[in-house]
Amino acid sequence: QMQGTRRTTLFILILQITHIVGQSSYPLPNCNALQYGQYECESLPVDPTYGDIIGCPPSRLIETNCSALDGVECDGPTSWNVTVPCRYTTGYKFAHALPLSMFLGYFGIDRFYLGYPALGVIKLFTFGGFLVGNWIDILYIATQKLLPSDGSDYLIKINGPKITRVEVNDQTYYVPQVVPFDREL
């Protein structure tokens, strides 16, 4: 009878241990803080010619819905909205602006095309700002510093010379530099 009690006690102890081990001692992560690969987002419509998201607003940010993958446990709602950066375009093509500036910029045609009529008239009467102004405009359009007057980006084909602006702010994470150990030769 003593052996039966020991077996029962041992069995109960094993059940309690497996129950404790089965419980996670770590809190579940917040669903909107999951790592890449633990969730998926809805696809946004993309223009096949230019590679830009269709319907990007002037704020250059668009929302999409994301949800945790099956089998991923997290705390909170398993579906949430994420703000994604995009290129705001209104139809001004880089392939038109740059040749206009190179060949007809002396007459201000490039500035008229980009929506700057006053500067176009000044360039017209000064022969492109005495040539120097036109060279500056060619450089600014080529480096995409001079954008259309509505603040949009140029439409540039998918394999074209798109420039992405990189911003550094208080939320920028700097990767610590690893200094290799010194070796004696």
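I call a residue buried when its relative accessible area is under 20%, exposed when it is over 50%, and partly exposed in between, using a 1.4 Å probe and protein chains only. By that rule, buried residues make up 22% of the 185 residues in the chain.

I noted that this is a predicted model, in which local features need pLDDT of at least 70 and side-chain atom pairs count only at pLDDT 80 or more, while totals for chains, interfaces and linings use all residues. Residues are numbered from 1 along each chain as its sequence is written, and side-chain values use heavy atoms, with hydrogens and water left out.

Helices here are DSSP runs of H or I with at least four residues, and strands are runs of E with at least two, numbered from the N terminus.

Then I turned to the aromatic rings, where Phe, Tyr and Trp (its six-membered ring) pair if their centres lie within 6.5 Å, with planes under 30 degrees apart stacked, over 60 edge-to-face and the rest tilted. I found 5 aromatic pairs in the structure. Tyrosine 92 and tyrosine 113 form an edge-to-face pair, 5.6 Å centre to centre with 85 degrees between the planes. Because tyrosine 92 lies in strand β4 and tyrosine 113 in helix α3, the pair ties together parts that are 21 residues apart in sequence.
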